[in-house]
Amino acid sequence: MRGPLVGKKPLEVDLIVVRENTEGEYAQVGGVLYTGTPHEVAVQSSMFTRHGTERIIRFAFELARQRQKKKLVTSVTKSNAQGFSM
């Protein structure tokens, strides 16, 4: 499948990334047990507070409202930031 940016020139791409980097995968809640043994296990939890999620969601939607272009907000995750299990 061809991606939506195939053939686009740099000035044709209009994208703003709003990133929250203290919660979710960035909270680093977890750890590793039995390191170096056949029973080694990693545990990773993503932590989201109501305050943190409301703050980033409100900011992203307010930013979208102010723009003259398409007013679109898309939510994605960044699971490769998981420090213990990825």
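Helices (H or I, at least four residues) and strands (E, at least two) are DSSP runs, numbered from the N terminus.

Keep in mind that this is a predicted model, where local features need pLDDT of at least 70 and side-chain atom pairs count only at pLDDT 80 or more, while totals for chains, interfaces and linings use all residues. Residues are numbered from 1 along each chain as its sequence is written, and side-chain values use heavy atoms, with hydrogens and water left out.

**Overall shape and surface**

The chain has a radius of gyration of 18 Å, whereas a compact globule of 86 residues would come in near 12 Å. That radius is taken over C-alpha atoms, and the globule rule is 2.2 Å times the number of residues to the power 0.38. Along its principal axes, the C-alpha trace spans about 55 × 35 × 20 Å.

How much of the chain is buried? Of its 86 residues, 12% count as buried. Here buried means under 20% relative accessible area, exposed means over 50%, and partly exposed is in between (1.4 Å probe, protein chains only). The chain exposes about 7500 Å², and carbon and sulfur atoms supply 58% of that. These areas come from the Shrake-Rupley method with a 1.4 Å probe.

Now for contacts, meaning heavy atoms within 4.5 Å. Among those between residues at least 6 apart in sequence, 55% join residues at least 24 apart.

Val-6 lies in the segment before β1 (24–33). Glu-20 is found in the segment before β1 too. Buried or exposed, where does Glu-20 fall? Glu-20 counts as buried because its relative accessible area is 17%. Val-6 counts as partly exposed, because its relative accessibility is 43%. The C-alpha atoms of Val-6 and Ile-57 are separated by 29 Å, with the two residues 51 apart along the chain.

Who does Glu-20 touch, leaving aside its neighbours within four places in sequence? The list is Tyr-26, Arg-55 and Ile-56. The side chain of Glu-20 also makes the polar contacts below (a pair of N or O atoms within 3.5 Å; within protein, one must be able to donate a hydrogen and the other to accept it, and residues adjacent in sequence count only if both atoms are side-chain atoms).

| Side chain | Partner side chain | Distance |
|---|---|---|
| Glu-20 | Thr-22 | 2.5 Å |
| Glu-20 | Arg-55 | 2.7 Å |
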